[in-house]
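Please open the model in a viewer and keep the selection panel at hand. The stops below are given in the order in which they may be selected.

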Amino acid sequence: PPKNGAKIPKKELQQRSEALEAERRRLHEIGILPDTTAFNPSTLTEAQRAMFVVYLQDNEEKLAVFKDFADRAEILLGTLNRKLAPKSIKLDKDVGYKVLSHDGRPLDLDALSSGEQHELVLLHTLLFRVEPGSFLLIDEPELSLHVTWQNEFLTELIQIAKKVGFDALVATHSPYIVGERRD
């Protein structure tokens, strides 16, 4: 983008501002950023637009640092919240993972079943601890997994492996994990 904000069309400035606000909301919903107030640049004068572009570029660069982490966190939270419903998991900058009951009351992590705890540890490890380029050997992932979760295991593993950049070999006795796959 041009350095001089006055030369950037108002529409582009508005679109970039909206994209920045959407990314802030996403990071807030994940639990990475505190809530922020939206800003509408459409009322700015040409001189103010020039200054706003500097602010906008600075914020875009700062938030870009969180993109990979946020993408991984969304996979983890989306998977866990779908599986643990009506309970939910949130990220909290002070306590890490925060478990909430169906009515929003906080629960201790040890209030989760062994299968739920196993799922949290497995997903966290795969998304945040495995180095890109690794080759994982996963032995009997069906242990502590509900049959429904076994059916979803390979699909989730493939999604995570693509995001993180690793390969895996899975050894299982579960026909639910294998499903229709013969590869």
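The tour begins with a helix pair and then turns to salt bridges.

The model is predicted, so local features need pLDDT of at least 70 and side-chain atom pairs count only at pLDDT 80 or more, while totals for chains, interfaces and linings use all residues. Residues are numbered from 1 along each chain as its sequence is written, and side-chain values use heavy atoms, with hydrogens and water left out.

**Stop 1: H4 and H5**

Select residues 114-129, helix H4, together with residues 147-164, helix H5. Helices here are DSSP runs (H or I, at least four residues), numbered from the N terminus. The two axes lie 10 Å apart and form an angle of about 20 degrees; H4 is therefore roughly parallel to H5. Axes are lines fitted to C-alpha atoms over the stretch in contact, angles run from 0 to 180 degrees between N-to-C directions, and roughly parallel denotes angles under 35 degrees. The crossing of H4 and H5 is right-handed (the near helix is turned clockwise from the far one by less than a right angle).

Next, display the side chains at the contact (heavy atoms within 4.5 Å). From H4, Gly115, Glu116, Glu119, Leu122, Leu123, Leu126 and Leu127 meet Trp149, Phe153, Glu156, Leu157, Ile160 and Val164 of H5. These contact residues comprise nine nonpolar, one polar and three charged; Gly is counted as polar.

**Stop 2: salt bridges within helices**

The structure holds 19 salt bridges, each a side-chain nitrogen of Lys or Arg within 4 Å of a carboxyl oxygen of Asp or Glu. In helix H2 (residues 46-64), select Lys62 and Asp58, which are four residues apart and thus separated by about one helical turn. Their salt bridge has an N to O distance of 3.0 Å.

Move to helix H3 (residues 67-84), where Asp71 and Lys67 are likewise four residues apart. The closest N and O atoms of this salt bridge are 2.8 Å apart. Is Asp71 buried or exposed? At 16% relative accessibility, Asp71 is buried (under 20%; exposed is over 50%, partly exposed in between, with a 1.4 Å probe and protein chains only). Lys67 is partly exposed at 44%.

**Stop 3: a link between H3 and H5**

Select Arg82 and Glu152, whose side chains form a salt bridge of 3.2 Å, N to O. This pair joins helix H3 to helix H5 across 70 residues of the chain.

**Stop 4: a network**

Finally, select Glu23, Arg26, Lys67, Asp68, Asp71, Arg72, Glu74 and Lys163, which are linked in a network of salt bridges.

Key: Helix = DSSP H or I, 4+ residues; strand = E, 2+ residues; numbered from the N terminus. Parallel < 35°, antiparallel > 145°, perpendicular 65-115°, else oblique.
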